Amino acid sequence: MDFAKGLYQRFSALVHEMAKFGIIGLIAFVIDFGMLNLFLGVFGMGPLTSKVLATVISATFAYLGNRFWTFRHREQSGLGREYFLFFLLNGIALLFGLLTIGFTKYTLHLHDLLSINIANIVGVGLGTLFRYWSYKKWVFLEATEPIPTELPGVKQDR
């Protein structure tokens, strides 16, 4: 039991961070999935255009959620820098989705909505692995100073 408790204490920050990242990612996936199908089915756009537009919308949500919830404890290096890097890395991750959707439609000649959605899920999964790693490495950096647990200048009664 002490071993499990020790492991949890050692990795609790990582577990909590990954859980928050997963929740934001799940909501962003629902937004991406819904927008993709809206653009494809209702507006009759092409699958690649639909994917790009859906990703821009879901990535905007994901940036806000990750900056102000998942990685709020990490150093803030400026919203402009973070926003640029975040969308650059999302653009790279978007390539996974575009490649899987393009391969499905133009190589396998599967044009139905189910096939496109399955390709989207595979692309999002591959892109998510890349995004988690790259956000931690380049966008939401480790704090160089500990984050205070109390407000400056406020005395706490003990």
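**Labels and their grounds**

Guide: The structure holds nine aromatic pairs, where rings of Phe, Tyr and Trp (its six-membered ring) are paired if their centres lie within 6.5 Å, and where planes under 30 degrees apart count as stacked, over 60 as edge-to-face and the rest as tilted.

Visitor: What makes the pair of Y63 and Y83 edge-to-face?
Guide: The ring centres of Y63 and Y83 are 5.4 Å apart and the planes stand at 90°, so this pair is edge-to-face. The pair links distant parts of the chain, with Y63 in helix α2 and Y83 in helix α3, 20 residues apart. Y63, Y83, F86 and F87 form one aromatic cluster.

Visitor: On what kind of model does this rest, and how are residues numbered?
Guide: This is a predicted model, in which local features need pLDDT of at least 70 and side-chain atom pairs count only at pLDDT 80 or more, while totals for chains, interfaces and linings use all residues. Residues are numbered from 1 along each chain as its sequence is written, and side-chain values use heavy atoms, with hydrogens and water left out.

Visitor: What is the mean pLDDT of the protein?
Guide: On pLDDT, the predictor's confidence in each residue from 0 to 100, the protein has a mean of 85, and 87% of its residues reach 70 or more. Among the elements, α1 has the lowest mean pLDDT (88) and α2 the highest (92).

Visitor: Why is Y63 called buried, and Y83 partly exposed?
Guide: Buried means under 20% relative accessible area, exposed over 50% and partly exposed in between, with a 1.4 Å probe and protein chains only. Y63 has 4% and is therefore buried, whereas Y83, with 43%, is partly exposed. Of the 158 residues of the protein, 34% count as buried.

Visitor: How do you know that D32 forms a salt bridge with K51?
Guide: A salt bridge is a side-chain nitrogen of Lys or Arg within 4 Å of a carboxyl oxygen of Asp or Glu, and the closest N and O atoms of D32 and K51 are 2.9 Å apart, so the pair meets the rule. The two residues belong to distant parts of the chain, D32 in helix α1 (residues 2-42) and K51 in helix α2 (residues 47-70), 19 residues apart. D32 and K51 are both buried, and by this rule the count comes to one salt bridge.

Visitor: What is the pattern of the protein along the sequence, and what makes a run a helix?
Guide: Helices (H or I, at least four residues) and strands (E, at least two) are DSSP runs, numbered from the N terminus. The protein has four helices and zero strands, following the pattern α-α-α-α.

Visitor: How do you know that the span of helix α3 agrees with its number of residues?
Guide: The expected span is 1.5 Å times one less than the number of residues; the 29 residues of helix α3 (residues 79-107) should therefore span 42 Å, and the end C-alpha atoms are 40 Å apart, which agrees.
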